[in-house]
Amino acid sequence: MDVPVMECFDEDRKALTPLPSTRFDPIRWESGKAGKYGRIGIDPNRYLAGGEWHGRRLPAAVRRDSVRIADPKSGEVVAEYPRQYGRTAGTLQDPALVMPMLAARPGSWRETPIRPDFPEDVREWLDQAGRQRLRDSLRAIAQAAEAAGFDNAMLAASDSIGLRPDARPADTDLVSLALRHRDGDWDEASDQGPDPTGHDRFITGTGPEGKEETR
């Protein structure tokens with residue numbers, strides 16, 4: 001017999017089963033052993049997990065648009081990247097994960113693959129730094145990147161160089177500056193860094209005019 005399509009649809013809809021309560025998340029799990037520099041291979045490409053993971057086998061959740069590498073014990077995400085299709089020219093890497101290795105091997109500064117990620121002023125300053133100054137500065141930048149992210153560490157390093165170009169970024173509390181950038185608490189116009197006058201007076205025992213204070 002002739003039955004309107006909408007009536008048939010209503011009957012079909014009543015017979016449908018409920019949708020799942022959780023969203024379907026299509027994942028392909030991979031496992032790769034990190035090489036000397038902490039890279040693992042997924043499909044034809046390499047992804048950086050971090051130098052501290054070298055020699056370890058790490059699980060990776062491969063999704064349509066991302067690759068997420070995890071700590072095999074805790075399950076904590078150690079690195080996440082956009083998924084690449086086809087072979088890329090080099091390793092996909094987060095500059096913040098490269099910084100500890102660079103700080104440990106400052107002699108590789110001019111050849112590091114993350115050199116273009118440094119702002120021009122920070123890059124030029126580091127190019128002119130001596131060995132010890134370079135080592136100390138890269139270590140300070142690595143600590144700031146770990147605490148607040150690479151981009152905020154770069155902003156902090158630029159601030160440090162702008163405020164005290166003759167000093168090292170390591171002579172400034174880069175971690176605090178980077179955290180202030182991350183939290184939106186940095187106002188360059190009003191904050192020109194700490195005033196060392198009180199500290200100098202305490203150490204040298206001199207007043208504001210350079211005269212010895214009496215106690």
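## Largest pocket

Three elements, β6 (77-82), α2 and α4 (131-148), each supply at least two residues of the lining of the largest pocket. The structure described here is a predicted model. Of the contributing elements, α4 gives the most to this lining, with seven residues.

The volume of the largest pocket is about 360 Å³. Its lining consists of 17 residues, and those nearest the centre of the pocket are E52, A96, L97, P100 and E146. Sorted by class, the lining holds ten nonpolar, five charged and two polar residues.

## Aromatic cluster

Across the whole structure, a search finds three aromatic pairs. One of them joins W109 and F118 in an edge-to-face arrangement, with 4.8 Å from centre to centre and 75 degrees between the planes. W109 has a relative accessibility of 2% and counts as buried. F118 is likewise buried, its relative accessible area being 2%; the cut-off for buried is under 20%.

F118 also pairs with F150: the ring centres are 5.7 Å apart and the planes stand at 85 degrees, so this pair is edge-to-face too. F118 sits in the loop between α2 (95-104) and α3 (120-128), while F150 belongs to helix α5 (residues 150-163), so the pair ties together parts that are 32 residues apart in sequence. Both partners, F118 and F150, are buried. Together with W109, these two phenylalanines make up one aromatic cluster.

R63 is placed in the loop between β4 (57-62) and β5 (66-70). Its relative accessible area is 16%. Buried residues are those under 20%, so R63 falls in that class.

The side chain of R63 makes a polar contact of 2.8 Å with the side chain of D25. Leaving aside residues up to four places away in sequence, R63 touches D25, P26, I27, R68, R83 and Y85.

## Summary

The largest pocket is lined by 17 residues, with α4 as the main contributor. W109, F118 and F150 form one aromatic cluster, in which F118 pairs with W109 and with F150.

Notes:
Residues numbered from 1 in each chain as written. Predicted model: local features only at pLDDT ≥ 70, side-chain atom pairs only at ≥ 80, totals over all residues. Heavy atoms only, no water. Helix = DSSP H or I, 4+ residues; strand = E, 2+ residues; numbered from the N terminus. Buried < 20%, exposed > 50% of the residue type's maximum accessible area, 1.4 Å probe, protein only. Polar contact = N/O pair within 3.5 Å; in protein donor to acceptor, adjacent residues only side chain to side chain. Contact = heavy atoms within 4.5 Å. Phe/Tyr/Trp six-rings, centres within 6.5 Å; stacked < 30°, edge-to-face > 60°. 1 Å grid on protein atoms, 1.4 Å probe; cavity = no way out; pocket = protein on both sides within 12 Å on 5 of 7 lines; lining within 4 Å. Points joined across faces, edges and corners; volume = space filled by probe spheres on them. Nonpolar A, V, L, I, M, F, W, Y, C, P; charged D, E, K, R; others polar.
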